[in-house]
Amino acid sequence: MYEAEREELVEILQSKGIKDENVLRAIKKVERHKFVPETILFHAYLDKALPIGDNQTISQPYTVAFMTEALAIQKGDKVLEIGTGSGYQAAILLEMGCEVYSIERISNIYNRTLKLFDQMRLRAALRCSDGTIGWSDYAPYDKIIVTAAGPSVPNALKRQLKVGGKLVMPVGEKSSQSLVVLTKTGEDEFEAVSHPNFLFVPLIGHEGWEKK
Ligand code: SAH
């Protein structure tokens, strides 16, 4: 279902500069309509963020593609995601052959996505907790993706990244952020590249924003 819509979405992402063939292939394959509320199903293949309840959103496909491309994903990468949300980003990573660990802090959202993954036979390790402290049991990770915006990159996440690994996260004010791509070049050394003008929901937790 919706194959033509997905094809069209891939063309839009290409026109916006996404080049990674594996990312484009995954976007073409993963059924985004299964990750959005039924009431807005017909919006599933617009290049837009959409509400998923509890004041949270499924990220815009362009943003998902941009972040995934920035991580230079290789098949077999062990990836930690902070902010499971709808599960769409995690599903893209699974489709690309990653081993996925994903943390969500809102129990409603966590439970819904856990059930969806079970129904869709998507195999990821999901956990309900504060992702700003990471998931040390399975560290270190090849890649870390944070899909909510914080004031700075949590130290716990920097520690849990492999040397040579990459982390992508929106960092800045609550009203606007830059996507920061870190490459871990040594035990405590990082190279950073920053891409301005993104907008994410807030990362709330120990090394994020305080809950209002
Ligand atoms: N990757 C998601 C995007 C969801 S929006 C998708 O593909 O749909 C970001 C999510 O991060 C929200 O569900 C929010 O509840 C969650 N979040 C915010 N702070 C968090 C934290 N400290 N730990 C884990 N999840 C967090």
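**Group meeting: the ligand and the pockets**

The largest share of the lining of the largest pocket comes from E2, which gives three residues. Before I go on, note that this is a predicted model.

Staying with that pocket, its volume is about 590 Å³. Besides E2, the elements that give two or more residues to its lining are E3, H4 and E4. In total 35 residues line the largest pocket, and Gln56, Ile106, Ala148, Val201 and Pro202 are the ones nearest its centre. By class, the lining splits into 14 nonpolar, twelve polar and nine charged residues.

Now the ligand, which sits in this largest pocket. Around the ligand there are 27 residues, and Glu81, Ser86, Glu104, Gly131 and Ile204 come nearest. Eleven residues of this shell are nonpolar, twelve are polar and four are charged. E2 also gives the most here, again three residues. As for position in the chain, E2 covers 56–58, E3 covers 78–82, H4 covers 88–95 and E4 covers 99–104.

Ser86 has a polar side-chain atom 2.6 Å from an oxygen atom of the ligand. Asp130 places a polar side-chain atom 2.9 Å from a ligand nitrogen atom. At Gly131 a polar backbone atom is 2.8 Å from a nitrogen atom of the ligand. On its own the ligand has 580 Å² of accessible area, and the protein covers 99% of it.

Last, the second largest pocket, with a volume of about 250 Å³. Its lining has 14 residues, with Lys34, Phe35, Val36, Arg112 and Leu116 nearest the centre. Helix H5, residues 107–119, supplies the largest share, five residues. This lining has six nonpolar, four polar and four charged residues.

Note on methods. Residues are numbered from 1 along each chain as its sequence is written. This is a predicted model: local features need pLDDT of at least 70, side-chain atom pairs count only at pLDDT 80 or more; totals for chains, interfaces and linings use all residues. Side-chain values use heavy atoms; hydrogens and water are left out. A residue is near a molecule or strand if one of its heavy atoms lies within 4 Å of it. A polar contact is a pair of N or O atoms within 3.5 Å; within protein, one must be able to donate a hydrogen and the other to accept it, and residues adjacent in sequence count only if both atoms are side-chain atoms. Accessible areas come from the Shrake-Rupley method with a 1.4 Å probe; for residues, only the protein chains shown count as cover. On a 1 Å grid over the protein atoms alone, a cavity is a set of points where a 1.4 Å probe fits but cannot get out, and a pocket is an open set with protein on both sides within 12 Å along at least five of seven lines; lining residues have an atom within 4 Å of a point. A molecule sits in a cavity or pocket if more than half of its atoms lie within 2 Å of its grid points. Helices (H or I, at least four residues) and strands (E, at least two) are DSSP runs, numbered from the N terminus. Ala, Val, Leu, Ile, Met, Phe, Trp, Tyr, Cys and Pro count as nonpolar, Asp, Glu, Lys and Arg as charged, and the others, Gly among them, as polar. Grid points are joined across faces, edges and corners, and a volume is the space filled by probe spheres set on the points.
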